[in-house]
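Reader: I am new to this structure and would like to know what stands behind the words used for it. Please take the terms one at a time.

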Amino acid sequence: MNNNKNCCFTGYRQLHKNKISQYTKILCSEIDILIEKDVTHSLSGSALGFDLLAASIILEKKKTNKCLTLTFVLHCRNHYKYWTQKQYRTISI
């Protein structure tokens, strides 16, 4: 039996540029709370905007907490096909 606790992240694609640091701070705090509650697995909708912001925070926290895992939930095959080269480089792992 799998005892992992999971959470999912999906949200707006267009975030207000002048509020990104505010979103990041709040999201970091919320993710820390989830980690304290033994949530180890996250799923990201993998769309530009909030989804990838959450994923990037999880990946950063994974550097110091090896128990964390992240799964990208793809909407459809090649859903990133229309991303610009800059957007793709930003999220490449």
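**Terms and values**

Author: Serine 44 counts as buried, with a relative accessibility of 1%. The model is predicted: local features need pLDDT of at least 70, side-chain atom pairs count only at pLDDT 80 or more, and totals for chains, interfaces and linings use all residues. Residues are numbered from 1 along each chain as its sequence is written, and side-chain values use heavy atoms, with hydrogens and water left out.

Reader: Why is serine 44 called buried?

Author: Buried means under 20% relative accessible area, exposed means over 50%, and partly exposed is in between (1.4 Å probe, protein chains only). Serine 44 has 1%, which is under 20%, so serine 44 is buried.

Reader: Which residues is serine 44 in contact with, leaving aside its neighbours within four places in sequence?

Author: Contact means heavy atoms within 4.5 Å. With those neighbours left aside, serine 44 is in contact with Phe9, Asp51, Leu52, Ala55, Leu70, Thr71, Phe72 and Val73.

Reader: What makes the place of serine 44 a strand?

Author: Helices (H or I, at least four residues) and strands (E, at least two) are DSSP runs, numbered from the N terminus. Serine 44 lies in strand 2, residues 39-44. The chain has 3 helices and 3 strands, in the order β-α-β-α-β-α from the N terminus on.

Reader: What makes a set of residues a nonpolar core, and which residues form the largest one?

Author: A nonpolar core is a set of buried Ala, Val, Leu, Ile, Met, Phe, Trp, Tyr and Cys residues joined through side-chain atoms within 4.5 Å. The largest has 9 residues: Cys7, Phe9, Leu27, Ile31, Val39, Leu53, Ala54, Ile57 and Ile58. Strand 1, helix 1 and helix 2 (50-62) are the elements that give two or more residues to this core. Helix 2 gives the largest share, 4 residues. Leucine 53, listed in the core, is in contact with Leu15, Tyr23, Thr24 and Leu27, leaving aside its neighbours within four places in sequence.

Reader: How do you know that aspartate 32 and lysine 61 form a salt bridge?

Author: A salt bridge is a side-chain nitrogen of Lys or Arg within 4 Å of a carboxyl oxygen of Asp or Glu. For aspartate 32 and lysine 61 the closest N and O atoms are 2.7 Å apart, which is within 4 Å, so the pair is a salt bridge. The pair links distant parts of the chain, with aspartate 32 in helix 1 and lysine 61 in helix 2, 29 residues apart.

Reader: Are aspartate 32 and lysine 61 buried, exposed or partly exposed?

Author: Aspartate 32, at 31%, is partly exposed. Lysine 61, at 18%, is under 20% and therefore buried.

Reader: How many salt bridges does the structure hold?

Author: The structure holds 2 salt bridges. Glutamate 60 and lysine 63 also meet in one, at 3.2 Å from N to O. Lysine 63 has 55%, which is over 50%, so lysine 63 is exposed, whereas glutamate 60, at 47%, is partly exposed.
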